[in-house]
Amino acid sequence: MDSRLEQFAADLRAEEISPAALFWLRTFIKNVRNGVLRSDEWVELGLTEGATVPGLDATDSAARLTLLSDYDLFQAERLKDQHQFTGPDLATLDWNRKYNLSLRVTDNDSALMAWVETLWAEAGVSPQAAALEKLLAADHAIWGHNLPKRSLLPEILHEAQAIYGGWLPRPVLTRIAQALDLPLSDVYGVTEFFTMYYTKPVGRKIIRICEDAPCAMRGSQKVQDMVCWHLGLDPGQTTEDGEFTIEPIRCLGLCDHAPAALVNDTRHFDLAADYIQPLLTNQPHHDQHSNKIGGLVKVAMANINVIDPYRLPEYQAQGGLAALRKALFDMTPEQVIEAVKASKLVGRGGAAFPTGLKWQFTAANPPGPRYIICNADESEVGAFKDRTLMDADPFRVLEGLLIACYAVGAEQGFVYVRGEHRLSYERFVHAVGQLQRAGWLGHNIKGSGFTCRLAVRRGAGAYVCGEETALMEAIEGKRGFPRLRPPYPTTHGLWGQPTVINNVETLAKVPSIIFHGGAWYSTLGTADSAGTKLFAVSGSVRRPGVYEIPFGVTLRQLIYDLAGGILNDRRVQGILTGGAAGTFLTADHLDTPITFEDFKKVGGTIGAGTMMVFDDTVNMREMLTRVGEFFAHESCGKCYPCQIGTQRQAEILHRIQHGHGRPDDIATLLELAQVMTDTSICGLGQAAGWAVTDAIKRWPELLGSMNDER
Amino acid sequence: MAHITLTIDNQSVTVPEGTTILDAAATVGITIPAICYHPSLTPPAICRVCTVEVEGQRGLQPACVMPVKADMVVNTTSQRVQTGRRVILELLASTVDLGEAPHIQHYMADVQANPQRFAGGVKREFDVFEDNPFYIRDYSQCVMCWRCIQVCAEDVQHTFALTWGERGIHSHVATFFDEDMPDTTCVFCGNCVGVCPTGALKGLVEWQLERESS
Ligand SMILES: Cc1cc2nc3c(=O)[nH]c(=O)nc-3n(C[C@H](O)[C@H](O)[C@H](O)COP(=O)(O)O)c2cc1C
Ligand code: SF4
Ligand code: FES
């Protein structure tokens, strides 16, 4: 080997020169033709490729000039007069001009190429870059088959972020965009939308302490203050050593263990002022797997705390997959749809649309691809019933999803899991793997002629992606902007194809309906509210948790008999039903039966089934401010009324809470809420003012006398 | 092509099937205010200033995308419509500088909007980006109508220099890692400057002359 190259390699290993110098030599050798390469081409090729090499700054010309001038490796010929330059003279040239550049070393091309590649593998590319390449080249069966490449973007961003220590450096995004054939701006726009993608360095441990009502009532603010004080940080900041970031976060869906936190992907429950060390070391003091459940019936929750969610045989031992078997072998898709219609099951994600009808509309499309999505993005304030189902019995949800696919003729189903629920994601992925190995997924399942695949996808911190069309955009790899409707997903959903989207609980009801028949299910509950419903009860109750009840049970039974009544024997001040996008009931409504029809009469919302209970010591003004802040934080920003209206609503509530209300604030809040409802594109903005309007109606005094701080 | 007859503000209007309410109203001289809508671009229908009341529909409807239907009864100036339009304009005025958007100021005057109503909260304020020899970007005047992003992407140019930064109230037009225009894929076609409805995008020379004269 030429002694000049030996010297270069030695300096590189001694870190006397940067790997960027090697990068430029490599770019030259890869592109040289017949011994020469034009200098301007060389620079351009290097800049383009250099932008995709993580950890390398090709735009810094110093490394290039060192390579040119210090090793006597190159010779340049000025094109206009054939003047030759070598050695340090090379550093004086204008490298955007055209010169013919050639190498002065004698080794043959292929030997040189091999030598450079060896050096590059050793020093040039980081192990992280190698892992990224492996990620980009892999077959991502669990994320979907034969889908547009863009659709993999959210998952690749998650994985790449894990490779790069929790954030996405610019060359990594450049490389991902290149591999997926996407404009750089598009990829960046996606990272900007979702709060769980970082394009700047963050702490190795991200501590997220829930700020929403159920946790705030139980003292989460105090814990956050303690942690901030301990680390000397404000919320949103990172310690100088890069170890910790404290990130304010909205409801984590762990309200049955309030106050709760996440440290990276790990859940921490029942925080208290002396629970600082477990957060800092990320060693939780409790079992991650406890599910607080109860109720009067067991339809969707029959297996919870009974089976091991990692073992399909245990699910089957409880009768699991019998319904799928029955559907595939004893029923036509039409019969499955008829059974679901007969059950009178309506969606459990909030909108209460009849499930059988949704399936029928979708099945009625002309032949072609269709999709079914399980909406597992549960992020509403105070909502954790889907989390409980998918953590404890993912198989039942997937069985329901497969039956839906069969009924509608879909060969690809998706589960879209909230990004913060890493545990649920892992359990779904594991369960899909077990179903696959047992032959319940894939081509011609068990010889039935039905082919179906399931893909599990993660969200990345955006409540709005629970909205069905925003969720579809997210699966397609875009920002989670809700779409204009019409057209509706039943005809134009994922990639413009007919799509059914159903809530986790809705799908978890399906196996029992198919197994026992639609008529059986419809007799549970009341005439106009068929079946059973899961309620996530949180706040000032003794036993927060998920309760499954037949419709018709009263609020009092749910709150007192099942959830144990109010902490410290206080009185009920208010119950926020249906989540932040819900409405308030009061102690006067405790004897109201929980049904769609009775709730309608008293102005309550069943929604997705959340019940946040506030006792008479709770500062309701503060709770309303938190509701307002939730919407302002989660607005996607697409339509003006919600983009700006949610922020102004939060600001007004904040000033009222602190005793600085203005005389016309109440009128403004009411008008703003009406306009957001009237003109917003999606349900987020439409519902953003409901709780506030309702509070004003229920407690005229609450926000009315505005100049006393409470 | 089939024609459809409907009623807009008590006038009978007949237009071809597929016409939007906005265009149908224009045929009888009714101008519905609109900010994001541009006839050559895919309407994002996000400003909601074109909101109208359609009898029998729950919420108000965006006239820019809502196709007419037979016997539809549309009201473009009802109390509910005016309230919606006014509040949205008041919200916008509290967020960005509308000083160089006279048409929006006219809309505000028409519904007697109070630009101070929501003042005092978070505003979108940015330094002017003067990063290329052709145009400046003054995002304090940007109303997030999406026109520039769309014209740069599939709607016209397929250049994809622009995207959205952040979300919610903090949404803004951004480039990859906020890099300067010359470092992006921008080809300086000028289409974005052409479709911008406010003073947010402007030729550099025009901007410099204005600064000198003020
Ligand atoms: C802002 C917003 C968030 C939503 N979040 C969820 C969610 O997390 N889970 C869910 O199932 N539905 C959610 N929905 C309702 C869905 O849009 C959709 O109606 C539902 O998934 C349909 O399933 P279902 O018919 O089984 O209820 C949300 C709606 C809105 C407007
Ligand atoms: S209502 Fe809010 S969340 Fe929904 S599209 Fe409009 S800005 Fe986005
Ligand atoms: S013009 Fe219709 S929503 Fe903007």
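By class, how many nonpolar, polar and charged residues does the shell around ligand 2 have?

Tutor: The shell around ligand 2 has 8 nonpolar, 4 polar and 1 charged residues. In this classification Ala, Val, Leu, Ile, Met, Phe, Trp, Tyr, Cys and Pro count as nonpolar, Asp, Glu, Lys and Arg as charged, and the others, Gly among them, as polar. The model is a predicted one, in which local features need pLDDT of at least 70 and side-chain atom pairs count only at pLDDT 80 or more, while totals for chains, interfaces and linings use all residues. Residues are numbered from 1 along each chain as its sequence is written, chains are lettered from A and ligands numbered from 1 in the order in which they are written, and side-chain values use heavy atoms, with hydrogens and water left out.

Around ligand 2 there are 13 residues, of which Cys636(A), Cys639(A), Cys642(A), Cys682(A) and Gly685(A) come nearest. A residue is near a molecule if one of its heavy atoms lies within 4 Å of it.

Ligand 1 has 18 residues around it, and Gly349(A), Lys358(A), Asn502(A), Asn503(A) and Thr506(A) come nearest. By class, its shell has 3 nonpolar, 9 polar and 6 charged residues. Polar contacts (pairs of N or O atoms within 3.5 Å; within protein, one must be able to donate a hydrogen and the other to accept it, and residues adjacent in sequence count only if both atoms are side-chain atoms) can be followed here atom by atom. A polar side-chain atom of Thr506(A) lies 2.7 Å from an oxygen atom of ligand 1. Backbone N or O atoms also take part: that of Glu378(A) is 3.2 Å from an oxygen atom of the ligand, and that of Gly466(A) is 3.3 Å from a nitrogen atom. Ligand 1 taken alone exposes 610 Å², and the protein buries 89% of that; accessible areas come from the Shrake-Rupley method with a 1.4 Å probe, and for residues only the protein chains shown count as cover. Helices (H or I, at least four residues) and strands (E, at least two) are DSSP runs, numbered from the N terminus.

Another cis peptide bond joins Ala258(A) to Pro259(A), with omega near -10°; Pro259(A) is in the loop between β6 (244–249) and β7 (261–263) of chain A.

Chain A also meets chain B, in a contact (heavy atoms within 4.5 Å) that takes 47 residues from chain A and 49 residues from chain B. The two chains bury about 3800 Å² between them, 59% of it on carbon and sulfur atoms. Buried area is the accessible area (1.4 Å probe) that two parts lose on being put together, summed over both. In chain B, Arg167(B), Phe176(B) and Phe177(B) lose the most area to chain A, together 23% of what that side buries. The chains share 5 salt bridges, each a side-chain nitrogen of Lys or Arg within 4 Å of a carboxyl oxygen of Asp or Glu. One of these pairs Glu179(B) with Arg170(A), at 2.5 Å from N to O. On the side of chain B that touches chain A, α2(B) supplies the largest share, 8 residues.
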